[in-house]
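Biologist: I have a new model open and want to get my bearings. Can you walk me through it, starting from the inside?

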Amino acid sequence: MISMSISQPPSPSPSPASPERQEPTVTDRLVEANARYAEHFTDPGMDARPVLKVAVVACMDARIDLHAALGLQLGDCHTIRNAGGVVTDDIIRSLTISQRALGTRSVVLIHHTGCGLLNLTEDFRHEIEAEVGQRPAWAVEAFKDLDQDVRQSMQRVRTSPFLPHRDDVRGFVFDVTTGRLREIDPRP
Ligand SMILES: [Zn+2]
């Protein structure tokens, strides 16, 4: 039997813990949690089409538990999330599939107080370009006025030629300190 100290090349600095003694990574934690989840999982036998025929577009912010905040159950809705909950071309792509292939009709947009995008500007892109030598093709979509950004997102959904259902589009700001939604009037 060959011991680890012989099979491993000598290390110039104090070596990190051997593989079997390494701390689990966050992904390991998630995989372990999934194993426990799957033990009690029963096939809900659901169709891929959301029961409530609604798509929720929201910021990826870790403080927003969409299902809890909106009283949603498994299978009720599509949740489409990105940085800011901004309606980009890729969000339109998902909404188009959601409506045309999977039967949703309503769109709910959720931005929130304390959003990370409030502290960014388009300089973020230029800084990345200076660092890596390539300009990202995407816009940062940073904003200073939350309400106005929700309005712009509503407008982008309402004017998309790809979406057959544009009559029920509502936008909100979620307050991360109270858990409350505030509806935004589409007219400024
Ligand atoms: Zn955010």
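This is a predicted model: local features need pLDDT of at least 70, side-chain atom pairs count only at pLDDT 80 or more; totals for chains, interfaces and linings use all residues.

Biologist: Which strands does strand 1 pair with?

Modeller: Strand 2 (residues 77–82) pairs with strand 1 in the parallel sense, over 6 bridges. Strand 3 (residues 106–112) also pairs with strand 1 in the parallel sense, over 5 bridges.

Biologist: Give me some residue pairs to click on.

Modeller: Toward strand 2, Ala55 has His78 as its bridge partner. Val56 stands opposite Thr79 in strand 2. Toward strand 3, the bridge partner of Val57 is Leu109.

Biologist: OK, zoom out. How many helices and strands does the chain have?

Modeller: The chain has 6 helices and 5 strands. From the N terminus, the elements run α-α-β-α-β-α-β-α-α-β-β.

Biologist: What is the strand order in the sheet?

Modeller: The order is 2-1-3-4-5, in an open sheet of 5 strands with mixed pairing. Strand 2 and strand 5 (181–184) are the edge strands, and each pairs on one side only. On average, neighbouring strands are turned by 25° against each other, direction ignored.

Biologist: Which helices lie on those strands?

Modeller: Helix 4 lies across strand 1, strand 2 and strand 3. Helix 4 runs at about 175° to strand 2. Helix 6 packs on the sheet too, touching strand 3, strand 4 and strand 5. The direction of helix 6 makes about 155° with that of strand 4.

Biologist: Stay on helix 6. Which of its residues are buried?

Modeller: Asp149, Val150, Ser153, Met154 and Val157. Looking down the axis of helix 6, these fall within an arc of 140°, so they line one face of the helix.

Biologist: What do those buried residues pack against?

Modeller: Helix 4, strand 3, strand 4 and strand 5.

Biologist: What span should helix 6 have, and what does the model show?

Modeller: Helix 6 has 13 residues and, at 1.5 Å a residue, should span 18 Å. Its end C-alpha atoms are 18 Å apart, which agrees.

Biologist: New topic. Where is Gly84?

Modeller: Gly84 is in the loop between strand 2 and helix 4 (89–100).

Biologist: Is Gly84 buried or exposed?

Modeller: Gly84 is buried, with 25 other C-beta atoms within 10 Å. The cut-off for buried is 20 or more.

Biologist: What is Gly84 in contact with?

Modeller: Setting aside neighbours within four places in sequence, Gly84 is in contact with Cys59, His111, Cys115, Leu117 and Glu141. Gly84 and Ala142 are 58 residues apart in sequence, and their C-alpha atoms are 8.1 Å apart in space.

Biologist: You mentioned Glu141. Where is it, and what is its phi?

Modeller: Glu141 is in the loop between helix 5 (123–132) and helix 6. Its phi is near 65°, a positive value in a residue other than glycine. Glu141 is partly exposed, with 18 other C-beta atoms within 10 Å.

Biologist: And Lys53? What is its phi?

Modeller: Phi of Lys53 is near 55°, again positive in a residue other than glycine. Lys53 lies in the loop between helix 2 (26–39) and strand 1. Lys53 counts as partly exposed, with 18 C-beta neighbours inside 10 Å.

Biologist: Last one. What share of the chain counts as buried?

Modeller: 21% of the 188 residues. As for contacts between residues at least 6 apart in sequence, 65% join residues at least 24 apart.

Methods. Residues are numbered from 1 along each chain as its sequence is written. Two strands pair if DSSP finds at least two bridges between them. Helices (H or I, at least four residues) and strands (E, at least two) are DSSP runs, numbered from the N terminus. A residue is buried if 20 or more other C-beta atoms lie within 10 Å of its own, exposed if 12 or fewer, and partly exposed in between; C-beta atoms are placed from the backbone. Two residues are in contact if their C-beta atoms, placed from the backbone, lie within 7 Å. Axes are lines fitted to C-alpha atoms, for helices over the stretch in contact, and angles run from 0 to 180 degrees between N-to-C directions. The expected span of a helix is 1.5 Å times one less than its number of residues. The arc is that of the directions from the helix axis to the C-beta atoms.
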